[in-house]
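Work through these exercises with the model open beside you. Try each task before you read its solution.

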Amino acid sequence: MRLQRLRDALDSRRAHIYKPAVSGAQVAQLVEQRTENPCVGGSIPPLGTILPAGLSFAILLVAVIPASDAGAAEWSKAQPVTVVTTESKFTPDKLAFRRGVAYRLHVENRGTEMHEFNAAELFKASEIGNAEALNADRTEVVVHPGEAKDLLFRPKQAGHFHLVCPDHDWDGMTGEITVE
Ligand SMILES: [Cu+2]
């Protein structure tokens, strides 16, 4: 019964291999402990019981690591592209990318106001290497005056995409992005 639950938890984890192995198993154990014995902590030996299951998952992770390393190596070779923001424009304001190529987009704010490199549709149609460079909605790179950010992305679809600074589009701060 307990083992089956752990297996289920691990199976569901296999679909999300980015999560660390132990946390999944520990969550499963915590849930179990809470359900079976909410007051006494000692009925289930900590970690020892789940070690075999955790171990098999650790082996699975090792098998997966080379692929992600290869991905990281690809990002390290990403082509650099710099866009400067000032009042009120992107320089350059026309950008061309190729589908399947990794880019390091360097957005540098040399202006005195905050600007946003907003290319929501492009980012949606791209693999993102470092989501932390984007806002929570993954629509834009926000740069404060004097700040610069690097975004790693790889376009997955060809097409034309809008570039806009939502704060200054009224002032002409827009651009065009083409992915071939
Ligand atoms: Cu702006």
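**Exercise 1.** Which residues have the most contacts inside the largest nonpolar core?

Solution. Start with the ground rules. This is a predicted model, in which local features need pLDDT of at least 70 and side-chain atom pairs count only at pLDDT 80 or more, while totals for chains, interfaces and linings use all residues. Residues are numbered from 1 along each chain as its sequence is written.

Next, the term. A nonpolar core is a set of buried Ala, Val, Leu, Ile, Met, Phe, Trp, Tyr and Cys residues joined through C-beta atoms within 7 Å. A residue is buried if 20 or more other C-beta atoms lie within 10 Å of its own, exposed if 12 or fewer, and partly exposed in between; C-beta atoms are placed from the backbone.

Now the answer. The largest core has 20 residues, and L105, V107, F117, A119 and F153 have the most contacts inside it. At least two residues of this core come from each of strand 4, helix 4, strand 7 (140–143), strand 8 and strand 9. Helices (H or I, at least four residues) and strands (E, at least two) are DSSP runs, numbered from the N terminus.

Contact means that the two C-beta atoms, placed from the backbone, lie within 7 Å.

**Exercise 2.** Decide whether L122 is buried or exposed, and locate its contacts.

Solution. Find helix 4 (residues 120–124); L122 lies there. Count neighbours: 25 other C-beta atoms lie within 10 Å, so L122 is buried. Then list the contacts. L122 touches P155, F161 and I177, leaving out residues up to four places away in sequence.

**Exercise 3.** In what order do the five strands of the open sheet stand?

Solution. The order is 2-1-4-8-6, with mixed pairing. Two strands pair if DSSP finds at least two bridges between them. Check the edges. Strand 2 (89–91) and strand 6 (126–128) each have a single partner strand, so one side of each lacks a neighbour in the sheet.

Strand 4 and strand 8 (residues 148–155) run antiparallel, joined by six bridges. R104 has L152 as its bridge partner in strand 8.

**Exercise 4.** Trace the pairings of strand 10 (residues 174–179) with strand 3 and strand 9.

Solution. Take strand 3 first. Four bridges join strand 3 to strand 10, and the two run parallel. F97 stands opposite V179. Turn to strand 9 (residues 159–164). Six bridges join strand 9 to strand 10, and these run antiparallel. H162 has E176 as its bridge partner.

**Exercise 5.** Locate two cis peptide bonds and a positive phi.

Solution. Recall the background: most residues other than glycine have a negative phi, and most peptide bonds are trans. The bond from E87 to S88 is cis, with omega near -15 degrees. The bond from T91 to P92 is cis too, with omega near 0 degrees. For phi, go to R138, where the value is near 60 degrees. R138 sits in the loop between strand 6 and strand 7. R138 counts as partly exposed because it has 13 C-beta neighbours inside 10 Å.

**Exercise 6.** Where is the pLDDT below 50?

Solution. pLDDT is the predictor's confidence in each residue, from 0 to 100. The protein chain averages 77, and 59% of the residues score at least 70. Values below 50 cover residues 13–51. They also cover residues 57–69. Where pLDDT is low, the predicted coordinates should not be read in detail.
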